[in-house]
Amino acid sequence: MRIHVQNPAGETVFPITQAQWDAAIARAPDMADLQVSFANDEAGYAAAMQEAELVVTWTREVLNRFGQDQLKASRDFAPKLQTIFCTSAGLDRLAPFAWLPDDVALLNNRGAHANKAGEFGIMALLMLANHIPHFAESQREGAWSPRFASVLAGRTVVIVGLGSLGGAVAGRARQFGMKVIGVRHTAAPHESCEEVVAQSDIDTVLPRADYLVLACPLTPQTQGLMDARRFALLKKGARIVNIGRGGLWDQEALADALDSGQLGGVVTDVTTPEPLPKDHRLWRTKGLFITPHMSSDDPETYNDNSLDILFANIRAARSGKAMPNRVLPHKGY
């Protein structure tokens, strides 16, 4: 199989390198027959795609190169392409998937983020438990403003999305003695949750949440999931962590709920849009701590994990099995 790795031009933090590829092959010697090429420019891309059967690249590269129905309209520039592997878990930027031919599989790297997301998630819960957004604001103002805090143990956290991100946070929260309630597409049990409900029943568990974690994909079903009505269902003073997507909530309603005291604090790694404009209301909303969409990406392990996941999918296809990371366009993930 011929594989082409297309890195973005000028990328210095997360480019997939020959050394990383060689190390991945050493971990998976059954993949040694794969033929690979690398490029970060147009000439290298054009030359490689004439023979490439699988392309490894970034979401924004797919958007730029295959969007607007280019791939479906003409396969002349990629006549042998069978699979696209994106080094991202959430591919909502590529929806709707009208550009994707039925005979081309689209894969994400779901699973690559789990360890980092779990640590960030429990850190964010601890930050909220200990009033860190408040203390960050007080420090900027030069104000000595004590607030005392309780431990996480015994508190209830509702986690929306139990994939690699939410599942990892659930595991960490359980280690801290929290009562973990999961919300996902179906009410299938999860090893780290005491209880799981279907997304259609989310309103039944929100009033029990001391903490809410949003870690689900952004799909038509989850767009605007948390609106003013649902913020009001939470306990007064409930706290929220969002490591999913900014589109999962109504940002104006979020800011209103913080301003009114309905919410006791929020840590978000995602916003709409990204980057957030300097004059945006969220920057000035008290009780809100923003990080710039970096919660789940570890430069030391990200590409290694992604290549291991890629090889697992190739291995499954060779065995006649379904590729575990294949994105289903009708679901959006």
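Is aspartate 33 buried, exposed or partly exposed, and what is its relative accessibility? Aspartate 33 counts as partly exposed, at 45% relative accessibility; here buried means under 20% relative accessible area, exposed over 50%, and partly exposed in between, with a 1.4 Å probe and protein chains only.

Before the views, a short note on the model. This is a predicted model, in which local features need pLDDT of at least 70 and side-chain atom pairs count only at pLDDT 80 or more, while totals for chains, interfaces and linings use all residues. Residues are numbered from 1 along each chain as its sequence is written, and side-chain values use heavy atoms, leaving out hydrogens and water.

**View 1. Aspartate 33 and arginine 318 meet in a salt bridge.** Their side chains come to 3.0 Å, N to O; a salt bridge is a side-chain nitrogen of Lys or Arg within 4 Å of a carboxyl oxygen of Asp or Glu. The pair links distant parts of the chain, 285 residues apart: aspartate 33 in the loop between helix H1 (18–27) and strand E2 (35–39), and arginine 318 in helix H10. Helices (H or I, at least four residues) and strands (E, at least two) are DSSP runs, numbered from the N terminus. Arginine 318 is partly exposed too, with a relative accessible area of 44%.

**View 2. Asparagine 313 is buried in the model.** Its place is in helix H10 (residues 302–318), and its relative accessible area is 0%. The side chain of asparagine 313 reaches the backbone oxygen of isoleucine 309 at 2.8 Å. Leaving aside residues up to four places away in sequence, asparagine 313 touches Leu107, Met323, Pro324, Asn325 and Arg326, where contact means heavy atoms within 4.5 Å.

**View 3. The largest nonpolar core has 32 residues.** Such a core is a set of buried Ala, Val, Leu, Ile, Met, Phe, Trp, Tyr and Cys residues joined through side-chain atoms within 4.5 Å. Val160, Leu212, Phe231, Leu234 and Leu263 have the most contacts inside it. Several elements each supply at least two residues, including strand E6 (156–160) and helix H9 (251–260). H9 gives the most, with five residues.

**View 4. Aspartate 256 and arginine 281 form a salt bridge at 2.7 Å, N to O.** Aspartate 256 lies in helix H9 and arginine 281 in the loop between E11 and E12, so the pair ties together parts 25 residues apart in sequence. Salt bridges that share partners join Glu252, Asp256, Asp259 and Arg281 into one network.

Notes
A polar contact is a pair of N or O atoms within 3.5 Å; within protein, one must be able to donate a hydrogen and the other to accept it, and residues adjacent in sequence count only if both atoms are side-chain atoms.
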